[in-house]
Amino acid sequence: MADSDPIVEAVFDAVAETAPAIRDALPGRRVESGTDNPSGESVMAGDLYADQLLGDALTAVDGVGSFVSEEREAAVDAGGAVGDGAYAVAIDPLDGSSNLRSNNAMGTVVGIYDAPLPATGRDLVAAGYVLYGPITTMIVADETGVREEVIERDSAGGDAEDGGRAVSRSVVEDDLRLPEDPVVYGFGGRVPDWPDDFTTYAREIEDELKLRYGGAMVGDVNQVLTYGGIFAYPALVDAPEGKLRLSFEANPIAYIVERAGGAATDGDTDILDIEPEGVHDRVPLYVGNEALVERLEDALADE
Ligand code: AHM
Ligand code: MG
């Protein structure tokens, strides 16, 4: 990758350094916290803990002017003027946290915007996610491309020489591209709740690709990045905006997949061009290999 932006690097350092602590804290936080988030969903104890750790770490980064989280109603002012040298960082602290009970994959999604939120995905300067799988990986995307890193706690626990950093980031893939021949698909929501035009498209895809759906967007999108294919959390008959949030989930994922050579749409418009009304807006998300996303747009336009 080309010389990277020091603020962006500092944000990903902070996320990487928080990841092992989040992971360690999960075993005791697999229960509901008793509160709802601004989207009206029940929050797990793990969501709250991850939100707290990431909020503390990211608001301490020089150059982060504002911190916005899926779990918080309002932005946290971190000092510095967003759009004038400072960035707004949006996170989904624990994406797929309903997988805590069943012990399946989860992640942390990060979007770094050069504009106060709500903003469009065109204001992203970088985006990424941590995937808490059998190993902890971090996908980092900026204007130069996409890379995959493995995050590990240093066995020495950090020392004075490296500034006390207790976590290492090792690049394992420095130019991640979507494979040209798609292999997997994963579509969210109950089939009876899908609109007919999407169901017709899904029936075609089922004949061509292999189902991989794990209920955590980060895990499911990582399969698409690895093997090629398409992930969707579609518009539903009773929820035309789908489930996922534009600022915290859809925009960062669209940015990553587009930088890796793929495409992302709400069914009609490139996700990155969508003008939000509020920071917790939801949007249908269809993301993956360009040809599959184009076919999806055609299928939805036919109705
Ligand atoms: P969350 O951020 O509250 O965990 O919700 C988002 C998650 C996504 O990771 C995933 O794609 C979707 O919700 C799964 O929903 P469902 O359980 O309806 O399949
Ligand atoms: Mg999420």
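Let's start with a contact. An oxygen atom of ligand 1 lies 3.0 Å from an N or O atom in the side chain of Tyr233. Keep in mind that this is a predicted model.

Two further contacts go with that one. In the side chain of Glu249, an N or O atom is 3.1 Å from an oxygen atom of ligand 1. The cut-off for a polar contact is 3.5 Å between N or O atoms.

How much of ligand 1 does the protein bury? Taken alone, the ligand exposes 470 Å², and the protein buries 82% of that. As for location, ligand 1 sits in the largest pocket.

Now the shell. It has 17 residues around ligand 1. The closest are Asp95, Gly96, Tyr213, Met217 and Lys243.

What is the shell's make-up by class? Seven residues are nonpolar, seven are charged and three are polar.

Next, secondary structure. Two or more shell residues come from each of these elements: β5, spanning 87-95, and β13, spanning 229-233. The largest share is from β5, with three residues.

Last, the domains. Why does ligand 1 lie between domain 1 and domain 2? Domain 1 covers 6-173 and domain 2 covers 184-301. Both give residues to the shell, so the ligand lies between them.

That's the site. Over to you.

How values were computed
Residues numbered from 1 in each chain as written. Chains lettered and ligands numbered in written order. Predicted model: local features only at pLDDT ≥ 70, side-chain atom pairs only at ≥ 80, totals over all residues. Heavy atoms only, no water. Near = heavy atom within 4 Å. Polar contact = N/O pair within 3.5 Å; in protein donor to acceptor, adjacent residues only side chain to side chain. Areas by Shrake-Rupley, 256 points an atom, 1.4 Å probe, with all protein chains shown as cover. 1 Å grid on protein atoms, 1.4 Å probe; cavity = no way out; pocket = protein on both sides within 12 Å on 5 of 7 lines; lining within 4 Å. Sits in = over half its atoms within 2 Å of the grid points. Helix = DSSP H or I, 4+ residues; strand = E, 2+ residues; numbered from the N terminus. Nonpolar A, V, L, I, M, F, W, Y, C, P; charged D, E, K, R; others polar. Domains from an automatic or database assignment.
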